[in-house]
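Subject: Structure handover, with notes on its aromatic rings

Dear colleague,

Here is the structure for you to look at alongside these notes. Please open it before reading on.

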Amino acid sequence: MNKTIKVEIDEGSGFCFGVTTAIGKAEEELAKGTRLYCLGDIVHNSMECERLKNLGLVTINHEELSSLHDATVLLRAHGEPPETYAIAEQNNIKIIDATCPVVLQLQKKIKARYEASHNKRSIVIFGKKGHAEVLGLVGQTQGEAIVIENVEDAAKLDFNNDIYLYSQTTKSVDEFRRIIAYIEQHISPSAEFKSFDTICRRVANRMPNVADFASKHDMVLFVSGKKSSNGRVLYAECRKVNSNSHLIEGPEDIRPEWFKNVETVGLCGATSTPKWLMERCSEYITQQLP
């Protein structure tokens, strides 16, 4: 069966610039023999995290950071709130800052708006509650910013207040526009509403591209870690155009029964999916399937 299956890996899938930079910095430090800690998973992909762990990277949480002293800690692409930097300074921790430049600019914009606003509850962030990037953004407002995940959440806003709307960098452009339209329809004439398109186009542009890719194949295998917010969004795009799409973390999730009457398979992934993992899935299909 496997001899007749053609597998194509989406060239547009794989690590985004921010993740590539963070992993590169980690590998560079580890190659020097540095005892390197990373605050949170460096990327939302368990297999890539395991690979870096085997190279010596130690993943810690914020509680562990507070008790760490005289060490070197890498901050991943998602970014961190100001208190993380304060703790590092207090504990004599050397920071290797791999915050994505796009996220860093967004943090600065939100902080400036917060400091200039009379109503400290006027900043609204479209993003996933509890996501690392969102926590870093909310941290720029001393925890005052309101986080919404969808139009339903937007409906609960106080439309008599000014609203300054920002977005997590990896969210859906279409959903962001729906939220903007809803707020425009409901905002009080006496309140000011401004929206700022802060979605990373390198990520956003993957949505139409991955949909186009998915439409060209009998079946799609979308390779992504379970923690990846971006992965869920992109996988949903695949499903819209190709119902024969499956979300997998690696080769071990591939099921032979999926391949009945399938001649072409498209392999794609999230911004947190390493190319080597997609290649391993391709090899499994062409070499290991019965």
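The notes below take the overall chain and then the aromatic rings.

This is a predicted model, in which local features need pLDDT of at least 70 and side-chain atom pairs count only at pLDDT 80 or more, while totals for chains, interfaces and linings use all residues. Residues are numbered from 1 along each chain as its sequence is written, and side-chain values use heavy atoms, with hydrogens and water left out.

The protein chain has 12 helices and 12 strands, which are DSSP runs numbered from the N terminus (helices are H or I of at least four residues, strands are E of at least two). Along the principal axes, the C-alpha atoms fill a box of roughly 65 × 55 × 25 Å. Of the 290 residues, 53% are buried, where buried means under 20% relative accessible area, exposed means over 50%, and partly exposed lies in between (1.4 Å probe, protein chains only).

Turning to the rings, a search of the whole structure finds four aromatic pairs, counted when the centres of Phe, Tyr or Trp rings (for Trp, the six-membered ring) lie within 6.5 Å, with planes under 30 degrees apart called stacked, over 60 edge-to-face and the rest tilted. One of them joins Tyr-166 and Phe-196, whose ring centres are 4.6 Å apart with planes at 15°, so the pair is stacked. This pair links distant parts of the chain, since Tyr-166 belongs to strand E8 (residues 163–167) and Phe-196 to the loop between strand E9 (193–195) and helix H9 (201–204), 30 residues apart. Tyr-166 is buried at 2% relative accessibility, whereas Phe-196, at 25%, is partly exposed.

Another pair is formed by Phe-222 and Tyr-235, with centres 6.1 Å apart and planes at 50°, so this one is tilted. Phe-222 lies in strand E10 (residues 219–223) and Tyr-235 in helix H11 (residues 229–241), 13 residues apart, and both residues are buried.

Charged groups also sit over rings, a term that requires NZ of Lys or CZ of Arg within 6 Å of the ring centre and within 35 degrees of the ring normal. Arg-113 lies over the face of Tyr-164, 4.2 Å from the ring centre, and the charged end of Arg-202 sits over the ring of Phe-17, 5.1 Å from its centre.
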